[in-house]
Amino acid sequence: MSPSLYVPECPTLFPRMLWHRDRPGRDFPPFDGGRTHWFYFARNAVWHLARRLRLDRGEVLVPSYHHGVEIEALVHAGAQPVFYRVDQSWQVDLDDLEAKLGSRTRAIYLIHYAGFPGPAAAMKRLAERHGVPLIEDCALSLLSSDGSTPLGSVGDYGIFCLYKTLPVPNGGALTVNGDDDLALPALPPPPPASVFSHTASALLKNIEMRGGRFGRAARSTMRRLGHRAVRAGGVERVATGTMHFAPEHLELGISPLTLRLARGQDFIAIVERRRRNYRILRDALGDLAPPLFETLPPGVCPLFYPLECNDKQALLQRLWAHGIEAIDFWRDYHRACSPAQFPDTMRARQRIVEIPCHQDLDGATMQRIAGLVRAAMPPTKSGVQVPDIALQRRSRLTCRSS
């Protein structure tokens, strides 16, 4: 029997959003005051910035807790990654970072996790002291602030992904906060057929999310028809959310539809809904698994709720069976990073599950999600066997990428 609930991992596209008026000149945080360059992927922005800064001449200090695709982009651009410690609560070890700064250091790379701010100000001071730039990776933190300071605005450069937070088909951005002219060419938009494919997928997910079993049947039928049309027409679909860096997509820019849809969003409401949904999960699940963050600081726009679990594969399978697209968050790592050197980071990789709390979900749905998570949590005692569960949707959901 198929589940009655469908909770997609990312926000979906409501049909009315296609008719939102594009208001020229209206930008959205954190791009109001900075100079912005647009890309298809955030990872492509990492590569172009690394090439422009000539990071191939030395080392880049990067966090031990990373997705891997951002490291691939740096390595492909010629940089040598040197990893600094991040503990299992996603806190940067500033002493370890400072100890690894040296004559070959060409940049410091900071990742803000799930909308929660890292120590950008302290790392900026370290970067200035050593005469190197600070790059803030905000791929998971669009619309988030540290109090009144937008994430990505403290460092010399900010990297952003749009389609993780907003219902858009693609989009990455690079902001320049300093005096660097950073002359980068405007990149051509992606193939229209690919943009249409992603847009249709987001609309179909919205139909399933709101339509229950009828919506699921409608989405399934339309997906089959769409796949046939794609195969028959030979459409090149440039997939988002992929696990690895693809050099062949480096020269793709953002689509005009992405910018139009993004500029039509109610950013204040998005932040408020995500914060409300996060608090519902924290209050409902805090006694079951202590929250990674005890408080929700002002300005934070949570991308998801990070839940620690002793057997996350069992939990993921149970949630997928209930129609909740939970994510195995950042289980893997770049091969250049030694897992033995960073046991705290490895513990986080083995234990954290991403629970959706995006703006499409109302309070009642969040309460249902919380109840299902509580029921699905595996026993805490080690060695307990967990029965296999037939998956109702995709067999494997993987990590978010830049």
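Me: In E9, which residue is the bridge partner of Phe160?

Reply: In this predicted model, local features need pLDDT of at least 70 and side-chain atom pairs count only at pLDDT 80 or more, while totals for chains, interfaces and linings use all residues. Numbering starts from 1 along each chain as its sequence is written, and side-chain values use heavy atoms, leaving out hydrogens and water. Strand E8 (residues 157-161) pairs with E9 in the antiparallel sense over five bridges, pairing being at least two DSSP bridges between two strands. In E9, the partner of Phe160 is Ala173.

Me: How many bridges join strand E1 to E9?

Reply: Strands (E, at least two residues) and helices (H or I, at least four) are DSSP runs numbered from the N terminus. Trp38 has Ala173 of E9 as its bridge partner. E1 (residues 35-39) and E9 run antiparallel, and the bridges joining them number five.

Me: How many of the five residues of E9 are buried?

Reply: Buried means under 20% relative accessible area, exposed over 50%, and partly exposed in between (1.4 Å probe, protein chains only). Gly172, Leu174 and Val176 are buried on one side of E9, as are Ala173 and Thr175 on the other. Of the residues in E9 (172-176), the number buried is five.

Me: Which residue meets Arg52 in a salt bridge?

Reply: A salt bridge places a side-chain nitrogen of Lys or Arg within 4 Å of a carboxyl oxygen of Asp or Glu. Arg52 is partly exposed, because its relative accessible area is 35%. At 3.3 Å, N to O, its partner is Asp180.
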